[in-house]
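I opened this model to look up its sheets, cores, helix packing and chain contact. My entries are below the view.

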Amino acid sequence: MAVKNYILVCGGTACESSKGDDIFNNLLKEAEAQGVADDVQIVKTGCFGFCEKGPIVKVLPEQAFYVEVKPEDAGEIISETVIKGRMVDRILYKPEKGAKGDAFDIDNIEFYQKQYRIVLRNCGLINPEDIDEYIARDGYAALEKCLFDITPDQIIEELKVSGLRGRGGAGFPTWMKWNFTKQVESDQKYIVCNADEGDPGAYMDRSTLEGDPHSILEAMTIAGICVGANMGAIYIRAEYPLAIERLETAMAQAREYGLLGKDILGSGFDFDIELRLGAGAFVCGEETALLASIEGKRGMPIPKPPFPAVKGLFAEPTVINNVETYANIPAILTKGGEWFAKIGTEKSKGTKVFALTGKIKNSGLVEVPMGTTLREIVFEIGGGIPNGKKFKAVQTGGPSGGVITDKYLDTPIDFDNLISIGSMMGSGGMIVMDEDDCIVDVNRFYMDFCVEESCGKCAPCRIGTKKLMGYLDRFTQGKGEVEDIQKMKDIGEAMKKAALCGLGQTAPNPILSSLEHFGHEYMEHIEEGKCAAGKCKDLVHYKIIAEKCIGCTVCARKCPVNCIEGERKKPHVIDQEKCIKCGACFEGCKFDAIIVS
Amino acid sequence: MAKMTLEELRKLRSSQKSEMERRDVEGKETHIIVGMGTCGIAAGAKGALDGFLDTIKKNNLDDVVVKQTGCMGLCYAEPTVEVKVPGMPDTIYGNVDAKVAAEIVEKHIMHKELVQDHIQDKPAGDIIK
């Protein structure tokens, strides 16, 4: 007999610990007992991302969504939903309307997943190499509207109502940028897309370009209509070959359909786009450096003003926005600015895509309305920290951002709140750290990145990053001094004020923010020469406790540099001179005879 | 196709939309949609894709369409695949290699039975409906 119903039981760890397994087994038993074992298939699924209401059970095709299910509910789920097709009201999920405060009320969307996809609306749904699939999902409908139905002023008005702010990091209102360029009189204007995604751990722009390239082309064309530009350029790093390939395919298809090129849809409006490949310098994400790079010059920033909106590419007025910003635009113009403004917080509208990585169970791209808390992202969508470790902090904004500690887990995330707690939105990288991560070591990584990526044009950044790196190096070697902390703060503050561009101005942020929240960890390195997380190799020593060692020789065999000696069945000894602190012996010892100090 | 006018674009959109609806209503075709962003490919989506194509060929299934798409965002479960079979709920599978792909074709598509241990939930509702 064919299967009629499917029951999905959440098999995520959080649900499993609250009896997911028992529910699964009881459902199997009940289906058997009530004689419907052949009609229903019961399966375990990955985490539903709604752990606070777990364990979760879903019955299909009825779409019954049961929350906080107990093992004893199994009988009723089978007898009511599977056999009679009725809902078990007691455990049925009822969406809480306006759960996010007054600003948040999306009509009838069942919002249990916490995610809401505007930017990623087509990613993972359509074939990015088939323009027809994009068109079928209202693709190029916004372009139509902007060409034939509304004026450039109305486009600006719609963006203003929407409250869209630039997603590249700084959060400047998009309508203002466009309006500046629109108001300048010029024969030639340009539209530029910043696809030079450089923050370590951020990859939402790559995924958007790979999954939905037409949305960017459409948005850039709309920007062209709005400000009166006929040329666009996408600056993308050469290390994103698949995104480049898909963009090229998309541009060729759009040209063939007459959606790009001369006389678009018979309107008389011309617009075309070129790809410019960057070599992957972080500083080229800064808009003036990016424009210099497109012009064929070395990618270095210039002082602002003049802003690119007035004097940009080849000294002409230029609209420059990031990939994620553009991806929002067709949706805003199709569904209306007011629709967009309903989502998010008072000053930050819409959604934000985060690349959730690090010590997190469900790593991946998540798109959530602004105002979602860090706790929801990390512990519900992300499923929490693996291996039962303790949450330490989240790093947002990459090498320009800062750390957010558990104290701020319930702060609604938006542009302004992140800045007020000493971090920033940045492009949306979110790196989760657990108790095994050392703050000094993580900052050393970011500072190393900034030293490498500093273009060297201005002294505060060129010398400042190098000096800061020097202090961090000494801390990790146990050679730091207490006065160094104040010196770092002074250098950092000077860089913030005096550096030429965003890279240098924000480079000290991770240090300044972590000094505030994890000052004790720096002090531990300086005063005690100790790295509690065991990451700073020079401060770590592996020792064998003679009383516990039974002489099994496992450690000696695991050691890659043969620095552990000892006779069989007698305590072994580590030669500290030769030890490379790889930790292989520590992990290999079954008798807890090796300690880290 | 040559360059389109506004009318032609609107016609194309509505015909594409009704085509999709027809698919949903009549439900003749089975669709396998493989997430092939850089992330999916790096995690082995090509192997999964080959696994689907081989098994489909082996079993002479001629009404199964295999397509690619971008990243679904479930990086921890890459490669990810969505399977749409008429009369069955749309299902997302994670950690799909060639072996799992064969299992999906043989169980899910040919015998309308879900494959254990690989099912994931859709991360978000659709805003375009």
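These are my notes, topic by topic.

**Ground rules.** I am working on a predicted model, where local features need pLDDT of at least 70, side-chain atom pairs count only at pLDDT 80 or more, and totals for chains, interfaces and linings use all residues. Residues are numbered from 1 along each chain as its sequence is written, and chains are lettered from A and ligands numbered from 1 in the order in which they are written.

**Domains of chain A.** I looked up the assignment, whose bounds come from an automatic or database source. It lists domain 1 (5–91), domain 2 (131–339), domain 3 (351–434), domain 4 (439–528) and domain 5 (541–596). I then took the centres of domain 1 and domain 2 of chain A over C-alpha atoms; they lie 46 Å apart.

**Parallel sheet.** Helices (H or I, at least four residues) and strands (E, at least two) are DSSP runs, numbered from the N terminus. Strands pair if DSSP finds at least two bridges between them. I found an open sheet of four strands in chain A, ordered β7-β6-β5-β8, with parallel pairing. β7 (272–278) and β8 (318–322) of chain A are at the edges with a single partner strand each, so one side of each has no neighbour in the sheet. On average, neighbouring strands here are turned by 20° against each other, direction ignored. Inside the sheet, β5 (190–195) and β6 (231–237) of chain A pair in the parallel sense over six bridges. A:A195 is opposite A:I236 of β6(A). I also checked what packs on this sheet: helix α10 (287–294) of chain A touches β5, β6, β7 and β8 of chain A, and its direction makes about 105° with that of β6(A). Contact here means C-beta atoms, placed from the backbone, within 7 Å. Axes are lines fitted to C-alpha atoms, for helices over the stretch in contact, with angles from 0 to 180 degrees between N-to-C directions.

**Mixed sheet.** I found an open sheet of five strands in chain A too, ordered β10-β9-β13-β11-β12, with mixed pairing. β10 (364–369) and β12 (402–405) of chain A stand at its edges. Its twist averages 30° from one strand to the next. β9 (351–358) of chain A pairs with β10(A) in the antiparallel sense over six bridges. There, A:F354 has A:V366 as its bridge partner.

**Cores.** I count a nonpolar core as buried Ala, Val, Leu, Ile, Met, Phe, Trp, Tyr and Cys residues joined through C-beta atoms within 7 Å; buried means 20 or more other C-beta atoms within 10 Å of a residue's own. The largest core has 198 residues, with A:L27, A:V57, A:V192 and A:I222 having the most contacts inside it. Helix α8 (213–227) of chain A gives the largest share, nine residues. A second, separate core has eleven residues, including A:C555 and A:F586.

**Helix pair.** The axes of α16 (459–476) and α19 (509–528) of chain A come within 11 Å and cross at roughly 35°. Among the residues making the contact are A:F475 of α16(A) and A:Y522 of α19(A).

**Chain contact.** I looked up the two chains last. 40 residues of chain B are in contact with 54 residues of chain A. α1(B) supplies the largest share of chain B's side, seven residues.

Technical notes: Two residues are in contact if their C-beta atoms, placed from the backbone, lie within 7 Å. A residue is buried if 20 or more other C-beta atoms lie within 10 Å of its own, exposed if 12 or fewer, and partly exposed in between; C-beta atoms are placed from the backbone.
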